[in-house]
Amino acid sequence: MNIENVKSQMRKGVLEYCILLILNKGEAYVSDIIQSLKDARLIVVEGTLYPLLTRLKNDELLSYTWKESSQGPPRKYYNLTEKGHTFLTELEKSWNELNETILSLKR
């Protein structure tokens, strides 16, 4: 078993949760989301992020608005919908339960 593959799968598993956490702080442009993920040491490329954002939008967890940019074409800013906030709350409960389970197994 390759540890890098396992770590990669773990990161993919929490990426959706991390994106919702970032957007819970306020609307964000894709570059902002990528930078936040990089700052948290979760390296993600746009090719990975766009399909995930589209899926979250299709599930009505995210919406977006176009905003003019002084640096080029209009930009798409994502934000959480009401359904997204509710989903994030449930996801946080599940994450906390999973974290407690793992911590108890490590003791």
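Is Lys7 buried, partly exposed or exposed? Lys7 counts as partly exposed, at 36% relative accessibility. Here buried means under 20% relative accessible area, exposed means over 50%, and partly exposed lies in between, with a 1.4 Å probe and protein chains only.

Before we go further, a word about the model. It is a predicted model, in which local features need pLDDT of at least 70, side-chain atom pairs count only at pLDDT 80 or more, and totals for chains, interfaces and linings use all residues. Residues are numbered from 1 along each chain as its sequence is written, and side-chain values use heavy atoms, with hydrogens and water left out. The term pLDDT stands for the predictor's confidence in each residue, from 0 to 100. For this chain the mean pLDDT is 92, and 100% of the residues reach 70 or more. Confidence is lowest in helix H1 (residues 3–24), with a mean of 90, and highest in helix H4 (residues 82–106), with 96. Helices (H or I, at least four residues) and strands (E, at least two) are DSSP runs, numbered from the N terminus.

Now let us look at the sheet. Three strands make up an open sheet in the order S1-S3-S2, with antiparallel pairing. Strand S1 (28–29) and strand S2 (62–69) are the edge strands, as each pairs on one side only. Two strands pair if DSSP finds at least two bridges between them. S1 and strand S3 (residues 72–80) are joined over two bridges: Ala28 has Tyr78 as its bridge partner, and Tyr29 stands opposite Tyr77. S2 and S3 pair over seven bridges, and Leu62 has Leu80 in S3 as its bridge partner. These two strands, S2 and S3, form a hairpin with two residues between them.

Leu62 also leads us inside. It is among the residues with the most contacts inside the largest nonpolar core, which has 23 residues. Such a core is a set of buried Ala, Val, Leu, Ile, Met, Phe, Trp, Tyr and Cys residues joined through side-chain atoms within 4.5 Å. Two or more residues each come from H1, helix H2 (30–39), helix H3 (46–58) and S3. H1 gives the largest share, seven residues.

A salt bridge is a side-chain nitrogen of Lys or Arg within 4 Å of a carboxyl oxygen of Asp or Glu, and the whole structure has five. Because Lys7 and Glu4 are three residues apart in helix H1, about one helical turn separates them. Glu90 and Lys93 also form a salt bridge (3.5 Å, N to O), and both lie in helix H4, three residues apart. Glu27 and Lys67 meet at 2.3 Å, N to O. Glu27 lies in the loop between H1 and S1 and Lys67 in strand S2, so this pair ties together parts that are 40 residues apart in sequence.

Finally, turn to the loops. Most residues other than glycine have a negative phi. Arg41, however, has a positive phi of about 65° although it is not a glycine. Arg41 sits in the loop between H2 and H3 and counts as exposed, at 73% relative accessibility. Glu60 likewise has a positive phi of about 65°, and its place is in the loop between H3 and S2.
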